[in-house]
Structures are given as structure tokens and as C-alpha cells.
Amino acid sequence: MGVGLWIRTGILMAFLTGLLMAIGYVLGNETGMLFAFIFALVMNFFSYWYSDKIVLTWYRARILEEDEAPELYEIVKGLGQEAGIPTPKVAIVPTETPNAFATGRNPKHAVVAVTQGLLRLLNRDELEGVIAHEISHIKNRDILIQTLAAVLAGAIIMVARWAGWMLWLGGFGGRDRDRDAGSALGAILLIVLAPIAAMLIQMAISRAREYLADETGAKISGKPWALARALEKIEYAVSMRPLKDGNPATAHMFIVNPFRGVSFAELFSTHPPTQKRIERLRKIAEEMGIAF
């Protein structure tokens with residue numbers, strides 16, 4: 001892992017640790033901040049080593065053996081070789097909403113996950129375009145940051161919800177009314193601001209990296225037009241059938257935001273507009289001398 005990636009990972013962990021400590025202080029002063037710091041350390045440890053397994057568990061994704069999906073494995077293996085990375089594992093997500101994401105802490109421990117709906121919707125060329133995009137995230141070392149952000153942002157949103165429950169159940173009732181009032185006000189602010197902070201982190205990580213993954217994936221597969229067509233199909237299908245059972249903290253990991261119109265994630269765009277991505281792919285095709 002390069003120095004730049006270590007720095008970005010460290011900054012992300014430090015920022016989210018500080019945010020959790022601030023939440024802990026509002027909820028329980030110095031004691032709450034200490035517990036939040038310990039919680040953050042545990043979360044950072046498990047997020048680094050097990051974040052991929054956590055995300056796959058959220059979506060009930062199952063690792064496939066090669067004989068279960070030989071064509072899919074052939075695509076992943078071939079594009080992995082073209083990208084110069086070890087062949088990632090392949091997982092299937094049991095949902096009809098078409099989408100895909102990559103996860104893992106490095107190319108040696110990477111997984112490409114696709115939904116059942118994606119396999120039904122796309123032809124082989126389009127599937128290659130999507131898989132090449134996800135393999136680009138692996139090649140470009142995006143997957144660690146993306147997966148860490150998903151798990152840690154999910155933790156922040158969860159803690160903010162705890163604050164909401166404490167407030168609703170009267171958990172700030174003590175002898176010091178001024179302090180209780182301050183804690184209640186702080187909890188209200190956390191309920192509003194913590195999810196926003198988590199989403200802003202996702203936005204900062206995702207948007208530029210999606211353009212880069214589109215470009216790298218188009219060059220790996222040699223089929224920018226296929227990726228563009230796949231993006232159009234997925235965008236339309238998601239608008240008609242958004243994902244309802246997933247975790248909004250993972251929105252930035254998918255090739256297209258799967259939570260359109262059904263979650264808080266829709267207030268912020270974790271992805272560039274699909275039409276702009278298609279326009280960029282058109283320019284890339286022209287540069288490659290390929291008819292779009």
C-alpha cells in the first residue's frame with residue numbers, strides 16, 4: 001500500500017474517530033468521550049481487517065465457487081489479468097435491483113460482488129464493462145477507503161440514532177437541568193449533523209474516483225460503449241426499483257447509487273450524474289478510436 005493511501009486512510013480514521021469522540025462527549029461528557037474513543041479504536045481495527053466481510057454480510061452476499069458461475073468467473077479472471085491484479089473472489093447479492101460493488105483491503109483480498117438483477121439485465125459486453133469498472137476500483141486502491149468509509153459512516157449514523165433514542169426515552173434526565181438541556185440540544189444537533197457528516201465523507205471519496213474507475217475500466221475492457229450502455233440500464237432500473245433493504249452508508253460503493261428516492265442518502269449525491277459519466281466515456285471512446 002503506497003504512502004499516499006496510508007495517509008488518506010489515516011486521515012479518514014482520525015476524522016471519524018474525532019467525530020465519534022465528539023458524539024461521546026455530548027452524550028456523556030468526559031466519560032462518554034472515553035467510551036467513544038475505545039469504541040472508535042475497536043471500530044477502526046475491525047473496519048480495517050473485516051470491513052469487506054461486514055459489508056458482504058449486510059447484503060447477504062455469498063462467495064461463489066468457479067463452477068457455480070463459470071462465465072462470470074471467466075470475465076473476472078480475464079479482466080483481472082488485463083489489469084495486472086490477482087483474480088478477485090466473486091460474490092452474488094440476492095436482490096433483483098441491478099448493481100455491483102468491489103470490496104476488500106487490497107488487491108490480494110478483494111471481492112467483486114454483483115446482484116442477481118445485474119446478471120439478468122446485462123448482456124456479456126455490458127457485464128464486462130461493469131466488472132472492469134469494479135476491477136478498476138481494486139487496481140486504483142479505492143476499495144479500502146470506500147469500505148472503511150462505509151463501515152465507519154454506518155457506525156456514526158448508528159450512534160446518532162442511539163442519541164435520538166436516548167433523547168426520546170428521556171435519557172438525559174439528571175440533577176443538573178442546565179447540563180441536561182445542553183446534552184439534549186447536543187443530541188438533537190448530532191441526530192441532524194452526524195448523518196450529514198457521514199454522507200459528506202462518502203461524497204468526497206466517491207465522485208472523483210468514479211470518473212477514474214470509468215476511464216480505467218473502459219481501457220481495461222476496451223469497451224467504453226458497453227459500460228455506458230450498462231450505466232444507462234442500471235440507472236433506469238434503479239429509478240424503477242431502488243434497493244430498500246441495504247445500508248445507506250454503502251451508497252458510494254455501488255457503481256450507481258441504489259437508494260434513489262428511498263433513503264437519506266438521496267439528499268446527497270455520492271456519484272457523478274450518469275449522463276456526465278456517459279459523455280466522458282464517449283470522449284474516451286473517441287480517444288481510443290472506437291465507434292460509440
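## Sheet and helices of a predicted model

Thr 103 has Val 111 of strand S4 as its bridge partner. The model is predicted, so to speak of local features requires pLDDT of at least 70 and side-chain atom pairs count only at pLDDT 80 or more, while totals for chains, interfaces and linings use all residues. Residues are numbered from 1 along each chain as its sequence is written, and side-chain values use heavy atoms, without hydrogens and water.

Strands (E, at least two residues) and helices (H or I, at least four) are DSSP runs numbered from the N terminus. Strands count as paired if DSSP finds at least two bridges between them. Four strands form an open sheet of mixed pairing, in the order S1-S2-S4-S3. S1 and S3 are its edge strands, each pairing on one side only. Between S3 and S4 the pairing is antiparallel, over five bridges.

| Element | Residues |
|---|---|
| Strand S1 | residues 62-63 |
| Strand S3 | residues 100-104 |
| Strand S4 | residues 110-115 |
| Helix H4 | residues 124-139 |
| Helix H8 | residues 274-287 |

Helix H4 lies across S3 and S4 and runs at about 150 degrees to S4; such angles, from 0 to 180 degrees, are taken between N-to-C directions of lines fitted to C-alpha atoms.

Gly 289, with a positive phi near 75 degrees, follows H8.

Note on methods: The expected span of a helix is 1.5 Å times one less than its number of residues. Contact means heavy atoms within 4.5 Å.
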